[in-house]
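Let's take a walk through a protein model together. Have the sequence and the 3D view at hand as you read.

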Protein chains: 2
Amino acid sequence: MTSPKTSLSARPVPPTIRDVAQAAGVSLGTVSKGLNGTGQLREETRARVRSAAERLGFRPNDLAQSLLRRRTFTVGLISTDRYGRFSIPVLEGIEDALGTARMSVFLCNGADDPARERQHIESLLAKRVDGIIVTARRADPRPPLDLVDGSVPILYAFAQVADVDALCLLPDDLGGGRLAGDHLIRAGRARIAHVTGPVDFEAVRHRRDGLKQAIMEHGLTWRPELVISGEWSEAWGREAVARLLATRQTIDAIFCGSDQIARGAVDALRDRGIAVPDDIAVVGFDNWEIIAAATRPPLTTVDMNLHELGRQAGLRMLDLIDGGGERGIVRLPCSLVVRASCGQGDKQNTGQAADRPLS
Amino acid sequence: MTSPKTSLSARPVPPTIRDVAQAAGVSLGTVSKGLNGTGQLREETRARVRSAAERLGFRPNDLAQSLLRRRTFTVGLISTDRYGRFSIPVLEGIEDALGTARMSVFLCNGADDPARERQHIESLLAKRVDGIIVTARRADPRPPLDLVDGSVPILYAFAQVADVDALCLLPDDLGGGRLAGDHLIRAGRARIAHVTGPVDFEAVRHRRDGLKQAIMEHGLTWRPELVISGEWSEAWGREAVARLLATRQTIDAIFCGSDQIARGAVDALRDRGIAVPDDIAVVGFDNWEIIAAATRPPLTTVDMNLHELGRQAGLRMLDLIDGGGERGIVRLPCSLVVRASCGQGDKQNTGQAADRPLS
């Protein structure tokens, strides 16, 4: 381990327990008893210790205390690729939950580099973290974290892992797809195309299956030929609309696998003079405010509630640290945010349109 | 301080230095000497200690070591509002620089709440962090971090602070504005409008001043009536274009204060059949890939190089911890990323157009 330079700085050195002992004219043990409120001590001595500590600005040292307790009240957070739009709310949610329990979060960016991740893990274990949370979404499940001794609880948040025993929190993408389909059908749409991302993403397959379930449950016809997969981009959304229209199939709605795709689709429809939502309704996925709200018209879209997912991850980590043994994949619900791209859905939602699907 | 629950878990307890001493049949002091390579010890004893430590999976404990060294090799990172598009690259850069020096980062989100920030600071000081970096941009300078004893070095990255003595790293917004103006003028544009954000942001004033400098240096006329301020949004970009065109002033370029504004402006121009860049060239600010690359045509834009700014913040923090005394505001250069929204600027950049401005 390379050690950073260690020359002395000109800054004041924080006072130690020895300084307090000297100032109060007592032993180290007496300072410890006096500050911790433990052991037998005359009230006058206890007061002298506390007043000396306060005068010197002595801070009870978490490090020394955690050595005694064998708890450090810290959790490592490993992100396995660059922080992005999705990891931020997860991270904020984790911090919310742990901060409330006075736990601190060590941030480690693996930068998609196994060697760097290994180094982070070593460093976290040397710091005796109480637990490790792994985050970052990708197409394939990641390998489980390689901990030699298994002494530290691990949890995966918004990350899939090739270990059936691991605790793994994921959004319910299938439920999200159902929400979108159900909303469109209740708004009177019956020929729903699905423009989505690469099929090697499990989320892509789940969202499609959710749409299919909604369509079947409403007694409508599932049309696999209206499902097309491409990239996670606006450009793909535009291209997909061109392809769909070229087939001359009738469609009255498009459920898009992401807000970026949806924005591209809406732009392409407007370029052709096709009205959204009157001619074709559009629902996105992600509720990425910066995209969804700026689209013309603003996107109705599925929200994965990632902040809440992060918060749940933090709470479950506290439980694991406390000896809890929850395992397996936990799916947390998505919700639908209604804007304008498929009409005033919040009103129609409460109606009976679902019983009389138009076609 | 509320303490989390402390019931024992079923997980194996990590071995301690005592376990190693017992296994090697030596004293605690001998284990310490054996593992640290210090003191006088027979080679055979040293080997026995090391082999026992390895067999037990004993990890040299950073906590115990840092108590001796008075260094924890940790830095606190306080973000004073929600993480956003701008804080992520700064954070990644900081982590890059500190990770290389084997320092770990404690993440603290102040969530724009002074009480929560105060609690984070207390927690960081109790953990004896070696330094604190504060980040998050806002219109007004923030108050300096309230540290009672001044024992910990502080640095502000992409954050302004009302303390002239503080070390504060900021992008050179004025230089960025000059880059944009210079690029447009070299591309043959002479009547450049500026559509930007709220003037209470120092960055808004600096970017405008940079554009003005470029215009004056090229011997063109500065037209304050072509500068209009509004919100940081696409909607404002669209509205601003409508307003500019309504004045019937001739313009051949728009420098926008953000990529979101630029995207709105480009959309509004396309809606009116005005060609970008042929009729009106557009330059954005931020190089926010998701916006800049998706715009039609993709945006030429100013990049604040926030990852590098973060990296510089990390390096300077190492220097402060080491006793360095750098103070004041440090401005780091922006750069221009050329896409398509003002023509093939990279070719014209090398030409002599600047000597013969069109008007």
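## A predicted model and its domains

Keep in mind that this is a predicted model. Chain A is divided into domain 1 (17–59), domain 2 (73–172 + 307–332) and domain 3 (173–305 + 336–355). Notice that domain 2 and domain 3 of chain A are each written as two stretches of sequence. Between the centres of domain 1 of chain A and domain 2 of chain A, taken over C-alpha atoms, there are 40 Å.

## The sheet in chain A

Look for an open sheet of six strands in chain A, with the order 7-6-8-9-10-12 and mixed pairing. Strand 7 (227–229) and strand 12 (335–337) of chain A each have a single partner strand, so one side of each has no neighbour in the sheet. From one strand to the next, the twist averages 20°.

Strand 6 (residues 192–196) of chain A runs parallel to strand 7 of chain A, and three bridges join them. Here you can find Val195(A) opposite Ile228(A) of strand 7. Helix 8 (residues 202–217) of chain A packs on this sheet, where it touches strand 6, strand 7, strand 8 and strand 9 of chain A. The direction of helix 8 makes about 175° with that of strand 6 of chain A.

In chain B, strand 6 and strand 7 run parallel and are joined by three bridges, and His194(B) stands opposite Val227(B) in strand 7.

## Helix 10 of chain B

How many residues does helix 10 of chain B have? Helix 10 of chain B (residues 259–271) has 13, and from its first C-alpha to its last it reaches 18 Å, close to the 18 Å expected at 1.5 Å a residue. Eleven of these 13 residues are buried, so the helix is largely enclosed by the rest of the structure. Among the buried ones are Ile261(B), Ala265(B) and Leu269(B).

Just after the helix, Gly273(B) takes a positive phi of about 75°.

## The nonpolar core

The largest nonpolar core has 161 residues, and those touching the most other members are Ala157(A), Ala265(A), Val282(A), Ala157(B), Ala265(B) and Val282(B). Leaving aside neighbours within four places in sequence, the contacts of Ala157(B) include Val90(B), Ile94(B), Leu169(B) and Ala313(B). In soluble globular proteins, nonpolar side chains tend to be buried together.

## Backbone spots to look up

A cis peptide bond joins Val276(A) and Pro277(A), with omega about 10°. Pro277(A) sits in the loop between helix 10 (259–271) and strand 9 of chain A. In chain B, the bond from Val276(B) to Pro277(B) is cis too, with omega near 10°.

Is Arg248(A), with 6 C-beta neighbours inside 10 Å, buried or exposed? Arg248(A) counts as exposed, and its phi is near 60°, a positive value in a residue other than glycine. Asn287(B) has a positive phi near 50°, but Asn287(B) is buried, with 22 other C-beta atoms within 10 Å.

Conventions. Residues are numbered from 1 along each chain as its sequence is written. Chains are lettered from A and ligands numbered from 1 in the order in which they are written. This is a predicted model: local features need pLDDT of at least 70, side-chain atom pairs count only at pLDDT 80 or more; totals for chains, interfaces and linings use all residues. A nonpolar core is a set of buried Ala, Val, Leu, Ile, Met, Phe, Trp, Tyr and Cys residues joined through C-beta atoms within 7 Å. A residue is buried if 20 or more other C-beta atoms lie within 10 Å of its own, exposed if 12 or fewer, and partly exposed in between; C-beta atoms are placed from the backbone. Two residues are in contact if their C-beta atoms, placed from the backbone, lie within 7 Å. Domain bounds come from an automatic or database domain assignment. Two strands pair if DSSP finds at least two bridges between them. Helices (H or I, at least four residues) and strands (E, at least two) are DSSP runs, numbered from the N terminus. Axes are lines fitted to C-alpha atoms, for helices over the stretch in contact, and angles run from 0 to 180 degrees between N-to-C directions. The expected span of a helix is 1.5 Å times one less than its number of residues.
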